[in-house]
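This briefing covers a predicted model. Please look over the sequence and structure before reading on.

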Amino acid sequence: MIVAIASGKGGTGKTFVSTNLFQALQKSGKAITIVDCDAEEPNVAAFIYGHDISRKTVFQHIPEIDTKQCQFCGKCFEYCQYNAIVFLPMANFIKVMEDLCHDCGACSYACQYKAISETEKPLGVLKTFRVNESSCFIEARTNIGISSSVPVIKKAIKEAEGQPLVLLDSPPGISCPFIATVSFADYIVLVTEPTPFGLNDLKLSVETIQQMKKPFGVIINRAGLGDHAVYEWLEQNNIPLLMEIPFDVEIARIYSEGKLLVNEDKAYLEQFLNLYKTISHESFRQ
Amino acid sequence: MNHSVNEIVLLSGKGGTGKTSLSAALATIGDKKTMADCDVDAANLYLILQPENCYEEAFVTGFKAVIDHNRCTNCGKCISYCRFEAISIIDENVCVSETSCDGCKLCTHVCPVEAITMKPSNKSRWYTGIFRNGVMVHARLAPGEDNSGKLVNVVREVAIREACELENHTVIIDGPPGTGCPAISSVTGARMAVVVTEPTRSGLHDLKRILELISNFNIPVSVVVNKFDLNKSMTNEIDLYCKQSQVTVIGRIPFDPNIVMAMVHCKSIVEWAPDAPASKEIYSIYHSIFDML
């Protein structure tokens, strides 16, 4: 089973939930893999340690135009949907703008003169750490200045293929990096907070997930702050509330130091183990 | 870049550090402002500023492939060419996954029977509205649509135009989290960046990455530590890091549940509790920013 932990709004506690759930299950002897899919700002490594077992660079293809072979016909320029090819026919000038290229292959297909070959450009790094005999942590991390984290995220999730239980710590938002992550999931846990911002972004996430027809449930973090609107909305829409985590300065302190709540407080260890039971039950029921 | 307008962008790397709460406060202090909510994925500023929208326009985020099953022979050539794994065979028919399709159009070219066409995704919108202390431009990216960077550009450009018309030469940009395309689009052309962070391990890690991104743009950058008193030793660590990187910390906002209560009542913290320590600190941040311009 693949479980994604996601939220529209940033900073609601996705990493907090996924790392504590991982730790609770790992401690109880379950074989589990956590993948940090927030490749633009990966933070799982602040909480989970392991033995570094592999490092891989993720590349994308970038077309290279051989101006000796090129007949300046402009077909590649016409095929490119991303304005990644600059073409000035009068000046016999053609150039690839690497940052705009989406690695779709259309220009290579378009060229009839074999003037386009493809080179590789590094996008980011995948690191795999062994946490114990049966548990792993995989981190996706894009290089600074790379605009799309999607290829790195997809490679990281593929790396976890075949593992019995995988947690995906999703990037925030509802656009491509989020979609790339949750599209692999069998069940999605949305983490929100009981504030107008939290509710607004929860609605956006739910709308997106419902289009994808994935089963999901909600965790309310920092309960006690804000208002009751999130609770009312969940009830009206029959969305399961999987867990509530109260706002507590002590929890905030533990998190801020890069520590795990389940290591510090036995009652929460129980709660996170119960969360897993609820998720298993819900994913089966929905 | 428009030289007559100063764009100030608020970024954070990590989400949920308080960019929007700070933006809303800056929007409601002093002269009329032009605000641009560039977190088009999960726009929240409108919840506090409650603009009355006077203009709305659809935005085409891209195109998605559509297969005409009357023509398609299920030869599978498009499947082998698609690099986004967006085409597969479901129930013996070739199908496109809308969420995976990148709109590159290659499949329309490779199809031997011309069974594939492209249809525009135009469910996203952007808006211009009037709020109690100026104008705001914001947008809504339709669920699952991509190209948020391009939509960010539109929001910024419209905000600059509005600021010129108002003869108000400052645009405050409430930026998105992360370091990817919407963040890059938000900082491009800005006159100055303010990074909002929090005193946590993750906050510091993400601060380092966003500062690295901003350093490519050669613009002045300063840091605000929000909820600084939740972990004072982490705040000291952030101060030290900023000092070493020669970045000025222009404010330390204390944790205050009033900020959430202000949000619940659609007010900024300076409107809701003007005498709260958090508000006082934000006034001082406001002056630091505008003195630097």
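Within chain B, the axes of helices α7 and α8 come within 10 Å.

**Interface of chain A and chain B**

- On the chain A side 56 residues are in contact with chain B, and on the chain B side 62 residues are in contact with chain A.
- A:Glu41, A:Ile144 and A:Phe197 together supply 16% of the area that chain A buries against chain B, more than any other three residues.

**Salt bridge between the chains**

- A:Glu118 and B:Arg83 form a salt bridge, and their closest N and O atoms are 3.0 Å apart.

**Helices α7 and α8 of chain B**

- Helix α7(B) spans residues 201–215 and helix α8(B) spans residues 232–244; their axes cross at roughly 15°.
- Because angles under 35 degrees count as roughly parallel, α7(B) is roughly parallel to α8(B).
- The crossing of α7(B) past α8(B) is right-handed.
- From α7(B), the contact is made by B:Arg201, B:Leu204, B:Leu207, B:Lys208 and B:Leu211.
- From α8(B), B:Met234, B:Glu237, B:Ile238, B:Tyr241 and B:Cys242 make the contact.
- Sorted by class, the contact of α7(B) with α8(B) has 7 nonpolar residues, 3 charged residues and no polar residues.

Technical notes
Residues are numbered from 1 along each chain as its sequence is written. Chains are lettered from A and ligands numbered from 1 in the order in which they are written. This is a predicted model: local features need pLDDT of at least 70, side-chain atom pairs count only at pLDDT 80 or more; totals for chains, interfaces and linings use all residues. Side-chain values use heavy atoms; hydrogens and water are left out. Axes are lines fitted to C-alpha atoms, for helices over the stretch in contact, and angles run from 0 to 180 degrees between N-to-C directions. Helices (H or I, at least four residues) and strands (E, at least two) are DSSP runs, numbered from the N terminus. Angles under 35 degrees count as roughly parallel, over 145 as roughly antiparallel, 65 to 115 as roughly perpendicular and the rest as oblique. A crossing is left-handed if the near helix is turned anticlockwise from the far one by less than a right angle, and right-handed if clockwise. Contact means heavy atoms within 4.5 Å. Ala, Val, Leu, Ile, Met, Phe, Trp, Tyr, Cys and Pro count as nonpolar, Asp, Glu, Lys and Arg as charged, and the others, Gly among them, as polar. Buried area is the accessible area (1.4 Å probe) that two parts lose on being put together, summed over both. A salt bridge is a side-chain nitrogen of Lys or Arg within 4 Å of a carboxyl oxygen of Asp or Glu.
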